[in-house]
Number of protein chains: 12
Amino acid sequence: MRIMVINGPNLNLLGRREPGLYGDKTLSWIEGELRDLGSELGMVVECLQSNHEGELVDIIQRAGRDSQGVILNAGAYTHTSVALRDAVLSCGVPVVEVHLTNPQAREEFRRVSLLADVCAGSIAGFGWHSYVLALLWFHHRQRG
Amino acid sequence: MRIMVINGPNLNLLGRREPGLYGDKTLSWIEGELRDLGSELGMVVECLQSNHEGELVDIIQRAGRDSQGVILNAGAYTHTSVALRDAVLSCGVPVVEVHLTNPQAREEFRRVSLLADVCAGSIAGFGWHSYVLALLWFHHRQRG
Amino acid sequence: MRIMVINGPNLNLLGRREPGLYGDKTLSWIEGELRDLGSELGMVVECLQSNHEGELVDIIQRAGRDSQGVILNAGAYTHTSVALRDAVLSCGVPVVEVHLTNPQAREEFRRVSLLADVCAGSIAGFGWHSYVLALLWFHHRQRG
Amino acid sequence: MRIMVINGPNLNLLGRREPGLYGDKTLSWIEGELRDLGSELGMVVECLQSNHEGELVDIIQRAGRDSQGVILNAGAYTHTSVALRDAVLSCGVPVVEVHLTNPQAREEFRRVSLLADVCAGSIAGFGWHSYVLALLWFHHRQRG
Amino acid sequence: MRIMVINGPNLNLLGRREPGLYGDKTLSWIEGELRDLGSELGMVVECLQSNHEGELVDIIQRAGRDSQGVILNAGAYTHTSVALRDAVLSCGVPVVEVHLTNPQAREEFRRVSLLADVCAGSIAGFGWHSYVLALLWFHHRQRG
Amino acid sequence: MRIMVINGPNLNLLGRREPGLYGDKTLSWIEGELRDLGSELGMVVECLQSNHEGELVDIIQRAGRDSQGVILNAGAYTHTSVALRDAVLSCGVPVVEVHLTNPQAREEFRRVSLLADVCAGSIAGFGWHSYVLALLWFHHRQRG
Amino acid sequence: MRIMVINGPNLNLLGRREPGLYGDKTLSWIEGELRDLGSELGMVVECLQSNHEGELVDIIQRAGRDSQGVILNAGAYTHTSVALRDAVLSCGVPVVEVHLTNPQAREEFRRVSLLADVCAGSIAGFGWHSYVLALLWFHHRQRG
Amino acid sequence: MRIMVINGPNLNLLGRREPGLYGDKTLSWIEGELRDLGSELGMVVECLQSNHEGELVDIIQRAGRDSQGVILNAGAYTHTSVALRDAVLSCGVPVVEVHLTNPQAREEFRRVSLLADVCAGSIAGFGWHSYVLALLWFHHRQRG
Amino acid sequence: MRIMVINGPNLNLLGRREPGLYGDKTLSWIEGELRDLGSELGMVVECLQSNHEGELVDIIQRAGRDSQGVILNAGAYTHTSVALRDAVLSCGVPVVEVHLTNPQAREEFRRVSLLADVCAGSIAGFGWHSYVLALLWFHHRQRG
Amino acid sequence: MRIMVINGPNLNLLGRREPGLYGDKTLSWIEGELRDLGSELGMVVECLQSNHEGELVDIIQRAGRDSQGVILNAGAYTHTSVALRDAVLSCGVPVVEVHLTNPQAREEFRRVSLLADVCAGSIAGFGWHSYVLALLWFHHRQRG
Amino acid sequence: MRIMVINGPNLNLLGRREPGLYGDKTLSWIEGELRDLGSELGMVVECLQSNHEGELVDIIQRAGRDSQGVILNAGAYTHTSVALRDAVLSCGVPVVEVHLTNPQAREEFRRVSLLADVCAGSIAGFGWHSYVLALLWFHHRQRG
Amino acid sequence: MRIMVINGPNLNLLGRREPGLYGDKTLSWIEGELRDLGSELGMVVECLQSNHEGELVDIIQRAGRDSQGVILNAGAYTHTSVALRDAVLSCGVPVVEVHLTNPQAREEFRRVSLLADVCAGSIAGFGWHSYVLALLWFHHRQRG
């Protein structure tokens, strides 16, 4: 089973960007952990990041062809991108929405998710553990 | 480590209530699974359900004294109860909000959660696996 | 045929509470009339009242097991209770929403009904005759 | 006692128009039933239909002179016509608002009734029985 | 003269719950102070607390029969309970709304009070002195 | 100079309809007064009333060809008719909007006028004197 | 194939009404062009106009019986008439909504169409060519 | 009979301020005309202007003691001043609201009048004739 | 201890202005009572009133220098004045907001207070006793 | 005459993406048809697609230099992109907005078009025929 | 060239009022700096402050006669004063809106500026440098 | 000191795009002026433009590493891009928001800035001088 972990804008700054809010782990450290956990569970985990909405649409379209599931932290585009929503709707594999922090506890404009209702499920607020839980779900689901 | 799993109104009907939406597992079957998984992981899992908002406030207050964490599916009260919100704020242990379905994909009035921003995190849309992921988080977190 | 007549908060004060608005009949007088009309029509009419949202949820759940229809005046909870709405959705028997006065002619917050769209039908504004009409409907419907 | 049953726009299509929603009875069949029930109860029932807002205003004004009560299904004009509302306010006899389906369970713009708060009462959701219940109310009320 | 002091959900946690916000006095300490001040002024002060909306409705209904005035801190239910509002409207004795903090200075959803416009008056923001001022008002009012 | 006085729905009931609100003068009495004042001032005053939106559109279109000015009390259609607005915009003669009462002091939905911003001016709240003032304006304006 | 071209309120004034906005072609000129193009394409084009909402409902109901398609410019009623919407929903033949100008580029209240989502399609902003394109669509569609 | 004509902020600039919108008459020219017309009709007309909200409140309070009627163009304060509204409510003589232009045809924030519903009537859009019509109303009203 | 009692627009009319609503006590009578109660309690009470927003800002700024506390009934400016709000924020002494009536029970625009969340507390609905309770609070607070 | 047909995000998936909604034609099939129809009509049709908002801005800027008209299906960016709107405003050639489905009949957020009011016209709901009609318009318009 | 620097309510407290937010410079210190910089640049800078809305209107009207430009920090009146807006519109010289802090980063009601769209430009968030930049603009603009 | 001047979508068209609104200077001319002024003041000014949201995020992230300040005209993305907002929040150097025109004086959707409250300050409405003033601020600030 191949899982794509896709991160959106500014998440490449993790570890340096408002660490009090987002934690002190860098994105590459988190991606390493997920790849390791993936191999333990017999899954291939591929990790991608982009600041470009259009590139993220391209990547999700490709994930529909090349993987069995997506873990998506769309960052700021969660709240504004109908294009990503349409890509999720069309890609044909289950997509799990994850967030490091709980968007409900932040600015008003972060409380709207254009993705939530087209994803298989949502996990928010557990820091980098949000990704871990999403991966565990793909594992559990696979087992039946 | 002692975890309380608290279910709100109408969740006692699980398995019979709109099974196409909520699945065909009964609440007692789910509670059994969680207690079993809990013992595997070395945790004591106590399960409670009530249709009464006031009783749920009482239970959460008690959970603050008697447990190290709460898994809360407040059902319909998620969207209307400031009293539960205040109880969560006051109880002093981490509370994880779970939902079987994704409230974002349902009626307008279910898109507002009065609890989300005072909980440690939220997990929604994975059916009874939502509870499992919450329990796994308490386990991972405990390990460091 | 067994019909449950369920009254919500403060309706136990009928006859004393703002009689200019709600009329001078007490709840027990109305319940007596409905039981009498029921026996005339060959129906058993059971009457219950509670000020507690959770108890009303319990009662509606029970009505789904013990009766063939519900006449529900949820009073103030009509406008605020998602929990009652979910109970009506789950109970499996037709529920008729009744009101003594017409909520549309009152305060803004009484113009929203969380129950109307999940009930079989609504009858409002005819004083205690609202209950009578609801009972007559169950009778007519039964006849075909 | 003379009762006028007034139907608004597109109700002349009943039986052919979305029968899954509105039922398979034609308007003339329903009008026949109401006239028959009326004579049983010693009432004269006159039935009128128009697609024209202005004509409906004329008819309601006349009903204030020629009848003792009105059963009004204003159809689409329920949600948009201040003119009908003013006619109801001015006509001087009790008007009962009826609907075949429950407008609360349909499109957003059907949830507003400009008539509800100036009518004696409202009955919605019982198919053609909604008219029957309205007629029974005039009968009961007459008896005291 | 008998005055009932009624406290709503989570106020039983006073002294422990967010002391920076609500102060360090426990509810029983405040109730003691009020009973003492009451006897000084020749009034009997009875104190009750509940986390249950329905129970608070029951208590206010009873206060209408057994007391000459109510001091009500409905806590979270202030903002959501139409049922409590109806109970206040029906109970027949003057009710004074009190709050420890000023709800206007807090979250958006705490700025709406369903009780304010049916109470005799409102006192907010003075900590436990809010109750004292309410009691003094009953005393002054009694004197003329 | 020829002025058309056009009255909309339910204004044919003036004198009988809520006299406490609209006064006890009938429409034909007012029309007589306006015709008399018109001849005094050397103007021909033609008066028309209809309950039909479409007919009022027809009349305003004709007024654009046959008169030098319009005094329009569109009644309920003031608040709902884009068609009348378009007719006023197209008719090519000045239209003065009049109201017997002040719509700003009535129901919410009467506070919106779709006509006000396309009329030459508005006069409201002076009872039947509102028509008189409008006629005087056409007279003054003619004089320069 | 028989197509009805139905025009709503004030469109009889085309050519004279705000020509800078709506163009200088009269309605009868446009209707002539459409009839000519229709015969070229082997279609019978029937043209009707009314300022009356009710008459337009009657016409659309008749179009459902007598034609294979409708081209509808409902003018001002586009934005206010639920009755026309219901007639379109019930008439059983495809209806194409056309506008001379683009309602999105005009006043706020013209941005809402009660018809758009029940029509087969919408064409707006091309002046009288909007009607031509609609006719061409019926032609293309017929060919397959 | 003594009438006070009260003008609010920036109306002292009339004639120079946006003459295309407000006309080329200065305020003192208009005041002269009104005093002349007043003496013709046997009325004393006193004219005052201020840019200060508080001073306008003082003036209206005094008008309640020293005059039999007020003609008020509150300018910008029409849309923002609850204090002027309260002064009008308290002054005890009829107040007529006038505007040179039609506020409904201008910016959004000018469409709200805090004065309209507490004034005897409103006249808007006739340039300086708006004041004349108001004066004529006091004259007509006085005559019976 | 020196307390300033500051009254805003139209409160100089107390006793004459809508006495059914505001009571029949004049402002100077109330000020006398407060000065007397003040001396009893060992406090100097200074009373000021103005209809001018700017003057009230000046007075509150001065109160910050010359007194130990303010009792403020800002009247209509409560709902519209950001300037008074800023003055309260800056003055450096505790300000208690008082109202004779309960603004929550009145017009929509009186339900917003721009002052409430920057004042030490609010007291509303007790007629002139609202001022008395505010004064008592300064006394109690002083005692500790 | 050279026409550019520009398609936005996810339209490269046509034929595979929700075919029940969008039809079973692929984008390249539609582009072929348009190029063929273009040559028949003596027009050069150039087709481009991108998932990237910025790239679409670049393309529209270029279309302003290299073509005489644009047919634009901006897909999801229709509802969110002010940048595309500005590009359309600046490009200097007529742009026709097309949609396969009718956005008015879909989710709330698809009902807002940031492009509609700056385009020459809009065509929606006719599947791939929407493009054909747009092309025919450029042809007709060219002929005069 | 003569420039007027006009400061609104509570800005006379600068240096003492919330220095963490507004800085520790007093208004007279800032005015000194601006006068000095003015003379360096060959401009006369006149500085005025008032807490009174009406006085500020008077001052802006005078500035239109006596100066070539205005630098306006209207403080709290920025968000509430239509009267100041009208004065700016009428004064005939360019007005630059300045703020010490960025109102967009503060309370909701500070995000609306009634002045921004009638000023030549806006400068916000640079502390007392905001005034300096405005002065530099007048200088640059003068040079061409 | 190194300052980056970053321009967003469609600003590459300056000089050709709606010159009546944006002026006739091209972007490269403005960039030249800024580089010249920069060297005069001893600053290195680097200028970049992109139509791509993602590229702008990349550039701002780089500016956080390579410069001491940013002058940002995000054009259309000002109103829609949470991603740019997050980039500004994370970049660690002061960002000044500039606009050629005043967005407050334009379309509704341009009145919302997602950047304003996270920037050091805002300058709008001065044409290309807005950039100059921003540069002068960096200079003044540097001097102390």
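Predicted model: local features only at pLDDT ≥ 70, side-chain atom pairs only at ≥ 80, totals over all residues.
## Rings, helices and copies

A pair of aromatic rings is described by two things, the distance of the centres and the angle of the planes. Counting over all chains, there are 36 aromatic pairs.

In chain B, K25(B) has its charged end over the ring of W29(B), at 4.5 Å from the ring centre. Look at chain L and you'll find the charged end of K25(L) over the ring of W29(L), also 4.5 Å from the centre.

Now for the way chains A and B are related. What about the surfaces involved? Of the interface residues of chain B, 100% are also interface residues in chain A, so the copies meet through the same surface.

Chains J and L tell another story. Here the turn is 120°, again with a shift of 0.0 Å along the axis, and chain J lands on chain L with an RMSD of 0.0 Å. Why call this three-fold? Because that is the relation of a three-fold axis. These copies use different surfaces, and 13% of the contact residues of chain J recur in chain L.

Some chains don't meet. Chain B and chain H do not touch, and their nearest C-alpha atoms are 29 Å apart. Chain C and chain I have no contact either, with 12 Å between their closest C-alpha atoms.

Let's go inside chain I next, to a pair of packed helices. Two packed helices are described by the angle between their axes and the distance between the axes. In chain I, the axes of helix 3 (residues 53-66) and helix 4 (residues 82-91) come within 9 Å and cross at roughly 5°. That angle is under 35 degrees, which makes helix 3 of chain I roughly parallel to helix 4 of chain I. From helix 3 of chain I, the residues E53(I), L56(I), V57(I), I60(I) and G64(I) meet A83(I), L84(I), A87(I), V88(I) and C91(I) of helix 4. By class, this contact has eight nonpolar residues, one polar and one charged.

Over in chain C, helix 3 (residues 53-66) and helix 4 (residues 82-91) have axes that come within 9 Å and cross at roughly 5°. So helix 3 of chain C is roughly parallel to helix 4 of chain C. The residues that meet include L56(C) and I60(C) in helix 3, with L84(C) and V88(C) among those in helix 4. The contact in chain C divides into eight nonpolar, one polar and one charged residues.

One last stop, back in chain I. L41(I) sits in the loop between helix 2 (27-40) and strand 2 (44-49) of that chain. Which residues does L41(I) touch, leaving out those up to four places away in sequence? They are L136(I) and H139(I). As for Q68(I), L41(I) is 27 residues from it in sequence and 15 Å from it in space, C-alpha to C-alpha.

How values were computed
Residues numbered from 1 in each chain as written. Chains lettered and ligands numbered in written order. Heavy atoms only, no water. Least-squares fit on C-alpha atoms with pLDDT ≥ 70 in both. Contact = heavy atoms within 4.5 Å. Phe/Tyr/Trp six-rings, centres within 6.5 Å; stacked < 30°, edge-to-face > 60°. Lys NZ or Arg CZ within 6 Å of the ring centre and 35° of its normal. Axes fitted to C-alpha atoms, helices over the stretch in contact; angles between N-to-C directions. Helix = DSSP H or I, 4+ residues; strand = E, 2+ residues; numbered from the N terminus. Parallel < 35°, antiparallel > 145°, perpendicular 65-115°, else oblique. Nonpolar A, V, L, I, M, F, W, Y, C, P; charged D, E, K, R; others polar.
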